[in-house]
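Take a walk through this model, from its overall make-up down to single residues. Keep the sequence at hand.

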Amino acid sequence: MQTPGSNQLKDIKILFKQLPQKHRIVISVTGLILLILLLIPSEKATASRQSESALKIGKRYQVSVPNNEKQALEANFEEVATVEKSQSHIETVTDKELNERPVEQLTWRNSKVKRGDSLAKILNRLGYSARTTYEVSQAEGEFTKLLKKLDVGDTLSFGKNQDGKLAAIKYPLSATEILHVHLEGDKYVSNKETKPIETRETTAQGVIRSSFWNAGIEAGLNEAQIINLAGIFGWDIDFALDIRSGDSFHVVFEEQYIDGEYIGPGKILAAEFINQDEPFQAIRFSDGEYYSPNGNSMRKAFLRAPVNFKYISSNFKPRRFHPIQKRWKSHNGTDYRANTGTPVVAAGNGKVTHSTYNKYNGHYVFIQHGNGIVTKYLHFSKRAVRKGQRVKQGDVIGYVGSTGMSEAPHLHYEFLVNGVHRNPRTVKLPDAQPIAKKYKEEFNKLAQLRLNELEGSRRELLAKQSTTSQEAP
């Protein structure tokens, strides 16, 4: 029977045999030297035992080693250090490779949503099974429902892995949002990526020569910005009748970027419109409303023009020659010539008192407002409100037509105060509520900043005009 000591000795022998040959030689030589030193001490060593300088426990002593043995030891230590360094380098490279292992490569295909398409139809068209459609529809996450309603013309991207399985779907919801559905293990997960928008401020300015629309386009504004600019001043200026050649405008507005790429304009922050030498200025506050520099709301109780016009066929005047009745009669309103079907909006809040048809007015709507004011809208192709209905300013109440005694598609618009016809272009309109007192100081600081920016735009326009005049022959 073997004792524990013999087992340990046997293990040591096995480990010794497994060492490299150089290591075994060094250990053997070192052990032999120590054994000789112990068994055959020199005379000096014997004398030292009898002297006061005998070896003491805890004290360090220097032992000389023959040169050949010393070189062997140094070579061995150098080899060991080289091996340890090599092993450390291999481990570092391995960690780096693990951290930078390549992402699974996918093969992508795009599919445009056609009329009548659903996710199931698109996946079937791309060769995926009904089982795949079901698994995608059961994807975890609250955004999966966005795949149930696809808009015609949108483009979806489908990523297939090396096994031929659908691994990812990308669905751009807007310029800033992308829906992702990806495979995690054996199930699909959905999430929505929202890209941050960078906002920059810029200015634009223009002078009207032929029309406000053309001047806006020449200034670099798009259609929506031109309409919004007219909407800001729509309570003070009738853009159908009041615009003149030489009128000018200045706009401070946002430009939006994603990943450094321009995606479109943002909000109008401040604007100035000089109409027939009279300046109108508007500042956008944090509540989203526009105010004059002194804090009065740009919004009024009534719009100057209730329709997106094409051109005006006749102006407000007390008498005119009626083209159908062939006689002079009072024309107590304004005619806005526009294409059939152009929406007409309520000029102010009120209650519909008439919504009917007769042979003179065609389809028409009357609205009763506060303070004894009534507005009338004639010759609709179709009415969009009923008698007794309450409407708000800007609500669509009908569509331009040529019903009743009318030669061409247009809106006839009347504005009455206590039963007396008034010119809707010039009648004084009550203001909406000014900015709240608690925000007045904050607004004043913002207004001063915006007015300085508008002043800079005016200087820029003058510089352009000066350069143009100098270049002219």
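Helices and strands here are DSSP runs, numbered from the N terminus; a helix is a run of H or I of at least four residues, and a strand is a run of E of at least two. By that rule, Leu-35 belongs to helix 2, which spans residues 21–39. The model is predicted.

Start with the whole protein. It holds nine helices and 22 strands. Of its 473 residues, 33% are buried. The accessible surface amounts to about 29900 Å². Carbon and sulfur atoms account for 51% of that surface. Now consider contacts between residues at least 6 apart in sequence. Among these, 62% link residues at least 24 apart.

Return to Leu-35 in helix 2. Together with Leu-32 and Ile-36, Leu-35 makes a nonpolar surface patch. The patch covers about 280 Å². Is Leu-35 buried, partly exposed or exposed? Its relative accessibility is 45%, so Leu-35 counts as partly exposed. Patch members must have over 30% relative accessible area, and Leu-35 has 45%.

Next, a sheet. Strands of a sheet pair through backbone hydrogen bonds, in parallel or antiparallel fashion.

Strand 4, residues 177–184, pairs with strand 5 in the antiparallel sense. Eight bridges join the two. Within this pairing, Ile-178 stands opposite Glu-193 of strand 5.

Finally, backbone angles. Most residues other than glycine have a negative phi. Two residues in this model call for a look.

Gln-276 is not a glycine, yet its phi is positive, at about 50 degrees. Where does Gln-276 lie? It sits in the loop between strand 8 (261–275) and strand 9 (278–284). Gln-276 has 44% relative accessibility and therefore counts as partly exposed.

His-379 also has a positive phi, near 75 degrees. His-379 lies within strand 18, residues 373–383. Why does His-379 count as buried? The cut-off for buried is under 20% relative accessible area, and His-379 has 6%. So Gln-276 is a partly exposed loop residue, whereas His-379 is a buried residue in a strand.

Note on methods: Residues numbered from 1 in each chain as written. Predicted model: local features only at pLDDT ≥ 70, side-chain atom pairs only at ≥ 80, totals over all residues. Heavy atoms only, no water. Pairing = 2+ DSSP bridges. Buried < 20%, exposed > 50% of the residue type's maximum accessible area, 1.4 Å probe, protein only. Contact = heavy atoms within 4.5 Å. Areas by Shrake-Rupley, 256 points an atom, 1.4 Å probe, with all protein chains shown as cover. Patch = residues over 30% accessible without salt bridge, like charges linked within 9 Å, V, L, I, M, F, W, Y side chains within 5 Å. Salt bridge = Lys/Arg side-chain N within 4 Å of Asp/Glu carboxyl O.
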